[in-house]
There are 2 protein chains.
Amino acid sequence: MVIEFDRCGIQCIHEDAVAEVSAKMLSGEEALALAETFKTLADPNRVKIICALMHRELCVCDLAAVIGASDSAVSHQLRMLRTQKLVKFRRDGKILYYSLVDEHVDKLFKQGLEHISHSKEWAARFLELYGY
Amino acid sequence: MVIEFDRCGIQCIHEDAVAEVSAKMLSGEEALALAETFKTLADPNRVKIICALMHRELCVCDLAAVIGASDSAVSHQLRMLRTQKLVKFRRDGKILYYSLVDEHVDKLFKQGLEHISHSKEWAARFLELYGY
DNA sequence: TACACGTATGAACGGATGCTCATATGTTCA
DNA sequence: TGAACATATGAGCATCCGTTCATACGTGTA
């Protein structure tokens with residue numbers, strides 16, 4: 001029987017740097033949760049939904065009309081946005097009106113635009129338009 | 001031959017709302033670009049890489065040691081981060097030192113944490129630790 | 001109570017994503 | 001120049017994602 005040792009051998013060059021940074025690192029679970037948050041905005045249709053809801057609350061089929069997708073597709077995306085607590089809704093009869101949970105979503109969206117504005121001029125224009 | 005008409009039939013309830021919001025909406029291409037930016041942070045290992053680089057510049061194998069992934073996996077992820085202009089590098093001999101492009105990446109990361117901090121207390125602690 | 005309508009949900013399918021493994025590139029040093 | 005090393009890259013594969021389609025749910029109205 002062969003005992004495999006030296007298998008933990010993660011090679012690094014600067015042990016001190018690795019130790020220093022490791023001490024302040026996110027745990028796997030924490031990194032996953034943060035990644036989930038960004039993943040929520042990592043789809044063009046969800047980006048459009050957030051963008052639309054930054055202006056005013058909208059019902060599902062209006063959202064579908066605005067972003068050019070099927071009601072069903074929008075409903076699926078809204079579930080994800082709800083799960084990640086980016087949007088909330090109120091019911092009025094059989095219609096559900098969706099809106100952004102709070103201003104942090106707005107900020108997150110704009111911070112993304114801010115990054116893009118370094119390479120795309122339309123992003124800078126948008127930020128002005130949206131009041132940044 | 002059948003002419004399909006009424007196929008543009010996007011049903012909406014509030015025409016005025018749809019018209020108003022549509023006028024301020026991101027184009028498909030713009031939404032895609034923004035989604036790409038968020039997608040860059042939508043993976044736990046990339047989140048960890050950014051987190052690590054917020055403290056100091058690191059070479060590939062040190063990054064691999066810190067986040068607990070293979071050199072190859074980290075190199076693949078760094079390519080994506082480079083392409084999206086979140087990280088840059090300098091060469092010192094055969095070693096490449098990676099670092100964040102600017103403070104916007106830092107802000108984007110923290111804005112994500114800010115959102116999570118509503119439901120997870122560790123996120124709030126992290127923000128304090130990182131000076132927010 | 002039955003139907004219409006707005007929305008939600010599950011299955012299923014095609015495409016995207018992230019890993020590993022093998023290999024290539026570029027730099028240092030003997 | 002050639003070996004050693006740090007990193008990059010491409011192929012292949014398993015998993016994940018976002019859509020459509022069919023169907024279910026819940027509310028108002030006849």
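User: Let us begin with chain A. What is the order of the strands in the open sheet?
Analyst: The order is S1-S3-S2 in chain A, an open sheet of three strands with antiparallel pairing. S1 and strand S2 (87-92) of chain A stand at the edges with a single partner strand each, so one side of each has no neighbour in the sheet. Please keep in mind that this is a predicted model.

User: How many bridges pair S1(A) with S3 of chain A?
Analyst: Two bridges pair S1(A) with strand S3 (residues 95-100) of chain A, in the antiparallel sense. In this part of the sheet, Leu58(A) stands opposite Tyr98(A) in S3(A).

User: And how many bridges join S2(A) to S3(A)?
Analyst: Six bridges join S2(A) to S3(A), and these strands run antiparallel. Here Val87(A) is opposite Leu100(A) in S3(A).

User: Which residue takes a positive phi in the hairpin of S2(A) and S3(A)?
Analyst: That residue is Gly93(A), with a positive phi near 70°. The hairpin has two residues between the strands.

User: Now chain B. How many bridges join S2 to S3(B) there?
Analyst: Six bridges join strand S2 (residues 87-92) of chain B to S3(B), and the two run antiparallel. Phe89(B) stands opposite Tyr98(B) in S3(B). The hairpin of S2(B) and S3(B) has two residues between the strands, and Gly93(B) takes a positive phi near 65°.

User: What rotation superposes chain A on chain B?
Analyst: A rotation of 180° with 0.0 Å of shift along its axis superposes them, with an RMSD of 0.0 Å. That is the relation of a two-fold axis. The same surface serves both copies, as 98% of the contact residues of chain A recur in chain B.

User: How many residues of each chain are in contact?
Analyst: There are 54 residues of chain A in contact with 53 residues of chain B. On the side of chain A that touches chain B, helix H1 (15-23), helix H2 (28-40), H3, S1, H4 and helix H6 (103-116) of chain A each supply at least two residues. The largest share, ten residues, comes from H2(A). By class, that side has 31 nonpolar, twelve polar and eleven charged residues.

User: Let us look at one helix. Which residues of H1 of chain B are buried?
Analyst: The buried residues of helix H1 (residues 15-23) of chain B are Ala17(B), Val18(B) and Val21(B). Seen down the axis of H1(B), they fall within an arc of 95°, so they line one face of the helix.

User: Which residues are exposed on the other side of H1(B)?
Analyst: Glu15(B), Asp16(B), Ala19(B) and Ala23(B) are exposed there.

User: What covers the buried residues of H1(B)?
Analyst: The cover includes parts of chain A, namely helix H3 (44-53), strand S1 (58-59) and helix H4 (60-67).

User: What gives the most to the surface near DNA strand D?
Analyst: H5(B) gives the most, with six residues. By class, the surface near DNA strand D has ten nonpolar, nine polar and five charged residues.

Conventions: Residues are numbered from 1 along each chain as its sequence is written. Chains are lettered from A and ligands numbered from 1 in the order in which they are written. This is a predicted model: local features need pLDDT of at least 70, side-chain atom pairs count only at pLDDT 80 or more; totals for chains, interfaces and linings use all residues. Helices (H or I, at least four residues) and strands (E, at least two) are DSSP runs, numbered from the N terminus. Ala, Val, Leu, Ile, Met, Phe, Trp, Tyr, Cys and Pro count as nonpolar, Asp, Glu, Lys and Arg as charged, and the others, Gly among them, as polar. A residue is buried if 20 or more other C-beta atoms lie within 10 Å of its own, exposed if 12 or fewer, and partly exposed in between; C-beta atoms are placed from the backbone. The arc is that of the directions from the helix axis to the C-beta atoms. Two residues are in contact if their C-beta atoms, placed from the backbone, lie within 7 Å. Two strands pair if DSSP finds at least two bridges between them. Copies are superposed by least squares on the C-alpha atoms of residues with pLDDT of at least 70 in both.
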